[in-house]
Amino acid sequence: MKPESSHTQGTIDTSRMSAGQRAALEMTEAARDERRNSGFAASLFFGEPDFGKVLPFPKQKVEDRDQGDAFLRRLRAVLDEHADPDAIDREGEIPDHLMDALARIGAFGIKIPIKYGGLGLSQTNYSRAAMLLGGRCGSLTALISAHQSIGVPQPLLTFGNEAQKEMFLPRCARGEVSAFALTESDVGSDPARMTTRAELAPDGEHYILNGEKLWCTNGTRASLIVVMARTPTKEKPHATTAFVVENDRPGVEVIHRCRFMGLRALYNGVIHFTNVMVPKSHIIGGEGRGLKVALTTLNTGRIALPAACTGLAKRCLEISNRWATSREQWGKPIGKHAAIADKLARMASGTLAMEAVTHYVSALVDADKNADVRLEAAIAKLWCTERAWDIANDTMQIRGGRGYETAESLEARNEPPDPVERLFRDARINTIFEGSSEIMRLFIAREAIDPHLRIGADVVNASLPVADRARAAVRAARFYAVWLPVKYVPRGIEGATSMHPALLPDMRAVEALSRKLARRLFYAMAMHGPSLERKQVLLGRFVDIGCELFVTSCLLGYVSMRSAGSDLSAPDVEQMVHLARYHARHSREKVRRLFHEAATADDDDAVAIAAEI
Ligand SMILES: Cc1cc2nc3c(=O)[nH]c(=O)nc-3n(C[C@H](O)[C@H](O)[C@H](O)COP(=O)(O)OP(=O)(O)OC[C@H]3O[C@@H](n4cnc5c(N)ncnc54)[C@H](O)[C@@H]3O)c2cc1C
């Protein structure tokens with residue numbers, strides 16, 4: 001049951017918010033994709049899971065897979081020959097011979113269409129490349145992915161005109177590095193505070209850019225940067241515009257190279273712009289549409305992170321597994337002690353789930369380049385980056401003291417130089433950049449309650465006339481009188497015949513929990529009204545439940561698809577099914593805990609204590 005489009009507009013009432021909060025919300029609302037979320041994730045939050053969208057699980061076409069395999073072979077060979085990740089980490093530099101070798105195999109233009117000099121590979125193959133890189137070298141992964149996922153290629157492929165594509169994409173594909181600059185000293189998660197400005201020059205052909213950007217990945221090595229700047233007009237005081245800026249223009253200055261706990265060879269810097277003349281033709285997506293360009297770019301761009309995290313998790317699993325079987329303490333291999341076995345089991349099932357989610361979201365983009373993947377990509381980013389951090393942490397625990405020792409030191413005393421310490425440091429940033437976990441939860445919550453806002457927001461919008469609110473209340477009452485009772489009735493599972501029979505009960509459990517989530521979300525909205533927006537802990541629990549259901553569904557679909565194929569032996573299929581069932585069971589336990597935590601969420605008390613301290 002979908003809300004009808006004739007329902008109310010559903011604008012959020014910002015009249016009682018502080019000025020800063022209102023500016024932030026109105027700005028992101030204005031840049032929000034207005035399309036109705038119609039993907040699988042949205043249907044889970046709405047209690048009407050559209051399993052037909054995940055079953056049968058999308059399978060990579062043979063020809064596409066072969067193209068990806070061929071590139072991955074070349075990439076692996078380049079990494080084996082030219083990349084020493086521990087030296088890169090130690091020295092804080094990526095050597096030119098590695099950059100040149102990567103450029104020669106097309107690693108800077110993986111998704112750029114062949115007609116612009118790229119490899120023209122699919123999102124799935126790009127994700128597979130990110131998985132391979134993610135298990136080897138964090139700094140290199142960040143360089144390649146910031147260039148292609150958020151740097152010049154991604155926004156140009158989505159919003160660029162033909163002339164811009166012809167001008168910039170061949171350069172990017174050849175190996176010129178690009179970057180994306182949104183963050184400023186006062187602009188982390190809140191673009192409304194942006195101060196970098198661009199004003200139309202007297203010649204009418206250029207914009208004059210002034211300001212400073214912080215933490216611009218690749219910024220110290222890039223020749224092209226996508227820069228977000230304020231271009232306010234009387235009608236749109238918060239308008240922003242996205243520009244492609246050439247780094248060698250007069251007035252562009254790298255004033256500091258930032259150094260971090262991990263990703264030690266990141267070419268990340270503070271970039272200052274003083275009266276930089278940027279041609280009008282370098283505007284991406286039109287004047288005043290900058291935030292939309294940035295947010296849409298990040299939607300698809302952030303798929304690289306779950307992919308890279310999957311690679312990192314696989315590497316951790318391999319190291320942990322090897323150590324757990326070879327290291328004996330208290331009379332047997334440590335992996336046979338239940339406390340370590342438990343970590344290994346969660347790690348293995350979690351890694352498989354991350355792989356499933358990455359493949360699912362990538363397949364959505366491959367099926368339709370303009371597909372609305374904002375919810376699915378955000379869930380993938382949130383869940384996989386947090387899971388990868390847990391896995392890196394568990395790997396360190398399993399390796400014990402050797403996990404804390406650097407690879408160089410291990411090697412010097414003739415032990416295998418497993419780089420757990422480096423992987424651990426590199427993994428930490430993933431829950432912070434390209435949308436922090438907290439911001440991802442807010443974003444997902446906003447999208448999850450969107451259908452309800454469309455129906456009910458006007459009822460509680462104090463800025464509307466009473467008559468409008470009364471009409472909205474009648475419409476909402478009519479809608480929910482039908483919608484709510486149905487949420488107590490089990491639904492069928494479309495596509496169930498494509499599932500491995502042993503996994504069907506787990507999918508049925510997802511269906512039941514999805515209805516429960518929708519009911520609880522509805523009751524929370526009815527109880528808290530507009531103040532629900534401030535209940536971040538409560539909303540966060542609901543978001544985490546939705547994420548668990550989404551990830552489990554992807555995993556069950558993925559394992560069903562793989563088990564029906566011919567590339568796995570019977571014991572491999574059995575093991576995968578076992579892992580999927582294990583994950584589904586633990587995920588259900590977590591969901592139960594989260595429902596309990598939602599019922600006892602004490603946002604107000606936490607806010608009071610934070611104010612007191
Ligand atoms: C290594 C590295 C590489 C980066 N690369 C780039 C890049 O290439 N381009 C670019 O533009 N930026 C880049 N960034 C910036 C990065 O995206 C930001 O760090 C991130 O957006 C968070 O901003 P912030 O650090 O200013 O934190 P803040 O926004 O100040 O947030 C601090 C904390 O408060 C939380 N928080 C903020 N607002 C809210 C809210 N409304 N509700 C609840 N919690 C909230 C945050 O989640 C976080 O935990 C990079 C940063 C790093 C460290």
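**Reading helix packing, backbone exceptions and a ligand site**

Q: In which strand does W215 lie?
A: W215 lies in strand 3, which covers residues 206-217; strands here are DSSP runs of E with at least two residues, helices are runs of H or I with at least four, and both are numbered from the N terminus. The model is a predicted one, in which local features need pLDDT of at least 70 and side-chain atom pairs count only at pLDDT 80 or more, whereas totals for chains, interfaces and linings use all residues. Residues are numbered from 1 along each chain as its sequence is written, and side-chain values use heavy atoms, with hydrogens and water left out.

Q: What phi does W215 have, and which peptide bond is cis?
A: Most residues other than glycine have a negative phi, and most peptide bonds are trans. W215, although not a glycine, has a positive phi of about 55°. The cis peptide bond joins L55 and P56, with omega about -15°, and P56 is found in the loop between helix 2 (40-45) and helix 3 (62-82).

Q: How should I read the packing of helix 21 and helix 22, and at what angle do they pack?
A: Two packed helices are described by the angle between their axes and the distance between the axes. Helix 21 (residues 536-564) and helix 22 (residues 570-599) pack at about 165°, with their axes 9 Å apart; the axes are lines fitted to C-alpha atoms over the stretch in contact, and angles run from 0 to 180 degrees between N-to-C directions. The two helices are therefore roughly antiparallel to each other (under 35 degrees counts as roughly parallel, over 145 as roughly antiparallel, 65 to 115 as roughly perpendicular and the rest as oblique).

Q: How do helix 6 and helix 11 cross?
A: The axes of helix 6 (residues 123-134) and helix 11 (residues 304-326) come within 6 Å and cross at roughly 40°, and the two helices are therefore oblique to each other. Their contact (heavy atoms within 4.5 Å) is made by Y126, S127, A130, M131 and G134 of helix 6 and by A304, A307, A308, T310, G311, L312 and K314 of helix 11.

Q: Which residues are closest to the ligand?
A: Of the 20 residues that surround the ligand, the closest are T183, S189, T217, S436 and E438, where a residue counts if one of its heavy atoms lies within 4 Å. A side-chain N or O atom of T183 is 2.6 Å from a nitrogen atom of the ligand, while a polar side-chain atom of T217 lies 2.8 Å from a ligand nitrogen atom. An N or O atom in the side chain of E438 is 2.8 Å from an oxygen atom of the ligand.

How values were computed: A polar contact is a pair of N or O atoms within 3.5 Å; within protein, one must be able to donate a hydrogen and the other to accept it, and residues adjacent in sequence count only if both atoms are side-chain atoms.
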